[in-house]
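Here is a brief report on the chain shown below. It covers the cores, the strands and the helices, and ends with model confidence.

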Amino acid sequence: MANPSDVVNVGDYIVIQRQDYFKLHKVAANGTANLGKDVLDIGSVVGKPVWTTYRMEQKKNGKRNYQLKECSIQDLKSDSITLSNPGALSSGTDNRNIVDDGSSQKLSMEEIVNLRDEGLSSKEIVGTLIENSKTFHNKTEYSQQKYLKKKEKKYFEYVTVRKPTVRLIAEIMFRLDQGKIMGLRVDTLSQINTAVNLHSHGKYIVYESGCQGLASASMLNGLSGEGRLVLVHSGNYPQKHALLALNLTEEQENCLISVNIYNLLRKLKGTCGSETQTASVDTTPVKEGVESSDVSFEKEVDSSEVSVKEALSPGQSLENVTDTSETDVKDQVITNSDQESTGSGKRKLSESGNDDGSAKKKSRWEVETDRAAGLLSSQKADGLVLVCREHPSSILNALLPLVAPSRNFVVYNQCREPLLDLFTELMKNPNVINVRLTDTWLRYYQVESNRTHPLVNMTGSGGYLLTGVVVDSGEK
């Protein structure tokens with residue numbers, strides 16, 4: 001009997017594999033999925049286990065519309081297009097006499113399209129193309145194999161439904177648009193988990209923006225029920241596309257705490273009762289190829305600024321009110337304080353009027369903020385990860401005091417210049433040691449008999465990592 005987590009349900013994310021092509025798709029009851037020009041009826045996979053192979057059977061009402069029929073691995077192997085006995089077919093010694101003038105195939109384009117419309121299998125279609133080819137038997141054995149792989153890729157009619165993993169999600173997102181995930185490759189993602197010393201029972205902080213939740217999904221996947229991950233973000237809602245694609249269980253969701261960075265710092269400041277050494281967080285995105293500006297820090301917090309911070313709504317940054325005058329700020333604070341007093345009076349009246357005497361329930365973000373503040377105030381975190389488009393200097397200085405001594409921190413950025421500025425700054429920090437700035441270079445190889453070579457297409461860089469260790473030097 002299949003594990004309930006390995007059965008496809010409505011609303012789950014699945015990965016559809018067709019040879020070397022992978023697509024992430026959310027299952028609907030009567031939905032469809034597009035694979036190029038082919039439209040698949042995906043509703044038939046509901047209730048079936050993952051790693052099931054289906055054959056694409058063409059519908060009568062559409063030329064490129066297919067329904068999925070479950071099949072076995074033996075059916076897939078029997079329809080594979082390979083040269084099972086290369087000696088049975090004649091082949092040439094070289095391709096010097098073959099001219100690509102478009103006249104080597106006897107069948108016209110209309111006749112080839114009719115073969116697919118008639119419902120022939122991919123093996124039968126490719127066999128017909130070989131029989132009507134003038135130059136196939138004159139090609140070398142290696143060229144014949146390449147021809148068969150090319151045609152098999154075009155007419156392949158089998159798909160496999162797989163369970164989403166962090167590696168598959170990272171590779172799919174990287175292939176679709178590298179800019180949306182800041183060029184974060186799967187090998188760099190694994191180095192982040194290694195550098196932060198990720199273990200299943202740890203408690204970690206990750207600040208992520210502009211990466212579709214890929215870094216937090218990778219870290220949450222490595223935690224058990226006793227581990228905790230505090231996902232810090234600067235907006236109203238965090239990016240959770242990769243997290244949702246993992247089909248998280250209830251136990252994994254309980255390990256994740258999403259909190260706004262301003263609400264968290266304000267709550268921790270109120271819990272600790274200190275009014276000094278509060279860093280102002282700059283969340284302005286850094287443009288690629290442009291050096292970032294200097295970041296200033298506050299040694300003492302003015303009472304008017306604290307009032308402004310308290311007057312801000314959840315998710316609103318301080319940069320949104322920097323252009324207002326002092327009079328406008330004071331009016332805003334007074335107005336908000338009046339609204340709070342009026343609201344408290346109405347709340348008391350409403351509470352006194354309730355028969356059950358129940359208090360007003362807290363919103364979701366307030367519950368998450370209290371939960372994160374209570375977790376970090378009782379015991380410091382075991383690691384810190386920053387994957388952001390903003391300049392990481394002010395964010396790191398604001399979150400670094402929440403990390404326990406002898407614990408690691410990792411900062412990722414697609415550009416080198418922000419990390420160089422941060423590296424220079426951290427070298428003067430007595431509470432940080434073993435600061436390193438590294439670059440990852442990865443190259444895939446095709447490994448086959450007598451033709452092993454690196455792939456032609458590859459990425460130039462997988463981003464830059466700045467790592468270090470937090471220590472307690474006794475200096476502030």
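## Nonpolar cores

The model is predicted. Its largest nonpolar core holds 40 residues. Within that core, Ile-192, Leu-214, Leu-220, Leu-229 and Val-387 touch the most other members. Helix α5 (residues 166-176) supplies the largest share of this core, with seven residues.

Leaving aside residues up to four places away in sequence, Leu-220 touches Leu-229, Leu-243, Leu-248, Gln-252, Cys-255 and Leu-256. A second core is separate and has 34 residues. Its members include Ile-205, Leu-268, Leu-419 and Tyr-464.

## The seven-stranded sheet

Seven strands form an open sheet with mixed pairing. Their order is β10-β9-β8-β11-β12-β16-β13. The edges are β10 (256-260) and β13 (432-439). Each has a single partner strand, so one side of each is left without a neighbour in the sheet. On average, neighbouring strands of this sheet are turned by 15° against each other, direction ignored.

Inside the order, β12 (residues 403-413) pairs with β16 (residues 464-470). The pairing is antiparallel and runs over seven bridges. Here Val-411 stands opposite Leu-466 of β16.

## Helices on the sheet

Helix α13 (residues 364-378) packs on the sheet. It touches β8 (203-208), β9 (228-233), β10 and β11 (381-387). The direction of α13 makes about 105° with that of β10.

Helix α14 (residues 392-399) lies across β8, β11 and β12. Its run is at about 165° to β11.

## Pairings around β5

Strand β5 (residues 52-58) has antiparallel pairings with two strands, β7 and β6. Four bridges join β5 to β7 (residues 158-162). Six bridges join β5 to β6 (residues 65-71).

Tyr-54 takes part in both pairings. Its bridge partner in β7 is Val-159. In β6, Tyr-54 stands opposite Glu-70.

## Confidence

What is the average pLDDT of the chain? The value is 79, and 77% of the residues score at least 70. Over residues 274-279 the pLDDT is below 50. That stretch has eleven contacts in the model beyond near neighbours in sequence.

Residues 288-358 also have a pLDDT below 50. Beyond near neighbours in sequence, this stretch has 59 contacts in the model. Where pLDDT is low, the predicted coordinates should not be read in detail.

Key: Residues are numbered from 1 along each chain as its sequence is written. This is a predicted model: local features need pLDDT of at least 70, side-chain atom pairs count only at pLDDT 80 or more; totals for chains, interfaces and linings use all residues. Side-chain values use heavy atoms; hydrogens and water are left out. pLDDT is the predictor's confidence in each residue, from 0 to 100. Contact means heavy atoms within 4.5 Å. Two strands pair if DSSP finds at least two bridges between them. Axes are lines fitted to C-alpha atoms, for helices over the stretch in contact, and angles run from 0 to 180 degrees between N-to-C directions. A nonpolar core is a set of buried Ala, Val, Leu, Ile, Met, Phe, Trp, Tyr and Cys residues joined through side-chain atoms within 4.5 Å. Buried means under 20% relative accessible area, exposed over 50%, partly exposed in between (1.4 Å probe, protein chains only).
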